[in-house]
Amino acid sequence: MKTLGSNSSLIHLLLLVSVLVQIHGKNVAERKTCFSRRSRCFLRSMTCPAQCPSSKPADPKAKVCYVNCDSPICKAECKNKKPNCNAPGAACLDPRFIGGDGIVFYFHGKSNEHFSLVSDLNLQINARFTGLRPEGRTRDYTWIQAIGLLFGAKTFSLEAKHAAIWDEEVDHLKFSYNGKDIVIPEGHLSSWQSPENDLTVERTSVKNSVLVTLSEIAEISVNVVPVTKEDDRIHNYQIPSDDCFAHLELQFKFYGLSYKVEGVLGRTYQPDFVNPAKLGIAMPVVGGEDKYRIPSLLSADCYSCIFSPAGVLDQTDSLLKDFGTLDCTSRASGGSGIVCRR
């Protein structure tokens, strides 16, 4: 009887150990490597933090692990894959930007026109504005409806599809690559990659949210949202019944912009840029429509655009750091040596 009892105890112990190993295995932190050749962290392996042990968590709301190649101590960090509208590199609402310098500003543009957000030697990012002008208003209310990317001789576009009434169970995103529509199946972590593997689009929720990664150049977090009834009430947009003005919430992260970078948002990353936005007012509006207006979503023809299909950055051109992951919801600078100003 003692032998039988001992064997039973041993079996229970082994089962317990097996369960613990399985539970622990699910939380084993990944190791990530920095592959940016411009970084001092190039080929350094880093362990993901306990708060975000995976770069592809099963829970779409969980934070993800990523390699911060800009970190002076070369460490992996946690981040949200969806746009942070209160951090540098953000373009949300009607449109409210936060520049690379941490300053909040508004750029209204004009409905159904296109403007250059970023124009660099090797990258062009444009936006198509949608909107309306109620009777008695002197300007359009506008939102970003689509973005277009030019890199090398390639193009990519992403847009929010028209919707009369918002339905969160419907995917409102449309994509194209080199002028041809592409389909990315619905589903968290569903993805598409270009034939050259230099562009990746990954869904960060089942529908209406993606992360666009242009290898070693830029990362763009995207959400599609409508103008809500509450927003309409507060701002008196006078939204019609046949259009909810589905638009994009965006956050950009850049890797090595040049000192010459231009565009509505891009110029705020210039090291000597003096932001014309007036501090201390509720809606600091900046101009520049004539400098950054372009004829179409996939054009680089504007007064201040510097993009060239053959554009190449060298070490002397690029900046050292982008603060796109800095959180401007708090007063701290996070040790990055920059303070957010409003």
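The model is predicted, and local features need pLDDT of at least 70, side-chain atom pairs count only at pLDDT 80 or more, while totals for chains, interfaces and linings use all residues. Residues are numbered from 1 along each chain as its sequence is written, and side-chain values use heavy atoms, with hydrogens and water left out.

Trainee: Which residues have the most contacts inside the largest nonpolar core?
Mentor: A nonpolar core is a set of buried Ala, Val, Leu, Ile, Met, Phe, Trp, Tyr and Cys residues joined through side-chain atoms within 4.5 Å, where buried means under 20% relative accessible area, with a 1.4 Å probe and protein chains only. The largest such core here has 50 residues, and those with the most contacts inside it are Ile144, Phe156, Leu158 and Leu248.

Trainee: Why is the pair of Phe252 and Phe254 stacked?
Mentor: Rings of Phe, Tyr and Trp (its six-membered ring) pair if their centres lie within 6.5 Å, and planes under 30 degrees apart count as stacked, over 60 as edge-to-face and the rest as tilted. The centres of Phe252 and Phe254 are 5.8 Å apart, and the pair is stacked because the planes are at 5°.

Trainee: What is the angle between the planes of Phe254 and Tyr269?
Mentor: Phe254 counts as buried because its relative accessibility is 1%, and Tyr269 is buried with a relative accessible area of 6%. Their rings form an edge-to-face pair, with 5.2 Å from centre to centre and an angle between the planes of 85°.
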